[in-house]
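Hi,

Here is the structure I promised to pass on.

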Amino acid sequence: MAAGKLLLYAGLSLSLCALGMLAVAMCSDHWYETDARRYRDRCRGLTSRRKDPGFIYIPNNSLPLRARREQKLAPARNRRQLFAMNAVNDCDRQHNSTNMGLWRKCQRLGFNQEIEALIQKGAISRCSYIKYHYSSASIPKNLSYNITKTIRQDEWHSLHLRRMTAGFMGMAVAIILFGWIIGVLGCCWNRGLMQYVAGLLFLMGGTFCIISLCTCVAGINFELSRDPRNLYSLPDDIGHGYGWSMFCAWGGLGLTLISGFFCTLAPSVQPVHRSTCPKSRQENGTVC
């Protein structure tokens, strides 16, 4: 009896901790983080020009032979730059240090003083909401039909992955909460079947949480490998990785699975109550 109660109490306590960790992970904005300080320093060094006396800056395009060659090679170069990046043209994009969650994407504080000054002035907002509906406004203009079609298909695929991540995580939290209520009622009423059902609900919530986290990882990897590369991939000198919200969600997943194992095991450990009244049986046409 003591072992079964101990397993049940441990399972309910761990499920409550898992529920809190998953709720914190859902409400926070640190699932995925980027650090663009080295990237900005490199681009600032490339764009800086010498200002010492006697130095005259002449762009390469101003040279006559160079200008003719640039005009001939411009169309081919534009096509190549759609699917590749080099150290110069990737500085044309605006990369900032950001942290992203399920609902918002925010600028990281303490990484860029210029961005922080604009945020304090109210010129830009620190966070922007992640869209869970399709919008053609995010597709770049003035691209060929084939490239636009590829981007549109990738947008739909990325949108489905984001919806699966948020949807399965919400269902996991709801199922774990419902299982915890069933487990508490089974503990109060001493019903082994309700405790067993609570454990199964915890295991089901853990399964949904696994699906959500796997689709989140798949969505991030898909965004980094999309074409054209110069529009969606990150330069090599931008640090990126998962934040503490992702690890909080994985910790909640582990506690959920452990609590499900404890709650399903608890009824089998508890002894079965046997009735002292003998069962009636029929012998020779009479009931004894």
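Below is what turned up, grouped by region.

First, the ground rules. This is a predicted model, so local features need pLDDT of at least 70 and side-chain atom pairs count only at pLDDT 80 or more, while totals for chains, interfaces and linings use all residues. Residues are numbered from 1 along each chain as its sequence is written, and side-chain values use heavy atoms, with hydrogens and water left out. Helices (H or I, at least four residues) and strands (E, at least two) are DSSP runs, numbered from the N terminus.

**Salt bridges**

I count a salt bridge when a side-chain nitrogen of Lys or Arg is within 4 Å of a carboxyl oxygen of Asp or Glu. By that rule there are 7 salt bridges. One of them joins arginine 42 to aspartate 237, with the closest N and O atoms 2.4 Å apart. Arginine 42 sits in helix H2 and aspartate 237 in the loop between helix H7 (229–232) and strand E5 (239–242), so this pair ties together parts that are 195 residues apart in sequence. Aspartate 237 is buried at 12% relative accessible area, whereas arginine 42 is partly exposed at 25%. For those words, buried means under 20% relative accessible area, exposed over 50%, and partly exposed in between (1.4 Å probe, protein chains only).

Another salt bridge pairs glutamate 155 with arginine 226, the closest N and O atoms being 3.3 Å apart. Glutamate 155 belongs to helix H5 (residues 145–189) and arginine 226 to the loop between H6 and H7, so the pair ties together parts 71 residues apart in sequence. Both glutamate 155 and arginine 226 are buried. Glu155, Glu223 and Arg226 are linked in a network of salt bridges.

Arginine 37 also has a salt bridge, to aspartate 35, at 2.8 Å between the closest N and O atoms.

Arginine 40 is in helix H2 (residues 37–47) and is buried, at 17% relative accessible area. Leaving out residues up to four places away in sequence, arginine 40 touches Gln94, His95, Asn96, Asn112 and Glu114; contact here means heavy atoms within 4.5 Å. Two of those names come back at the start of helix H4 (residues 113–121), where a side-chain oxygen of asparagine 112 reaches to within 3.1 Å of the backbone nitrogen of glutamate 114. After H4 comes glycine 122, with a positive phi near 85°.

**UniProt spans and the nonpolar patch**

The unreviewed UniProt entry lists residues 168–189, 196–222 and 242–265 as "transmembrane region"; such annotations may be inferred rather than shown by experiment. In the model, residues 168–189 are 100% helix and 0% strand, with end C-alpha atoms 31 Å apart. Residues 242–265 are 92% helix and 4% strand, and their end C-alpha atoms lie 34 Å apart.

Which residues make the nonpolar surface patch? Tyr196, Leu200, Leu203, Ile210 and Leu257 do, over about 370 Å². Patch members have over 30% relative accessible area and no salt bridge, with like charges joined within 9 Å and nonpolar side chains (Val, Leu, Ile, Met, Phe, Trp, Tyr) within 5 Å. Helix H6 (residues 192–224) gives the most, with 4 residues. Leucine 257 lies in helix H8 (residues 244–269) and is partly exposed at 32% relative accessibility.

Cheers

Key: Areas by Shrake-Rupley, 256 points an atom, 1.4 Å probe, with all protein chains shown as cover. Polar contact = N/O pair within 3.5 Å; in protein donor to acceptor, adjacent residues only side chain to side chain.
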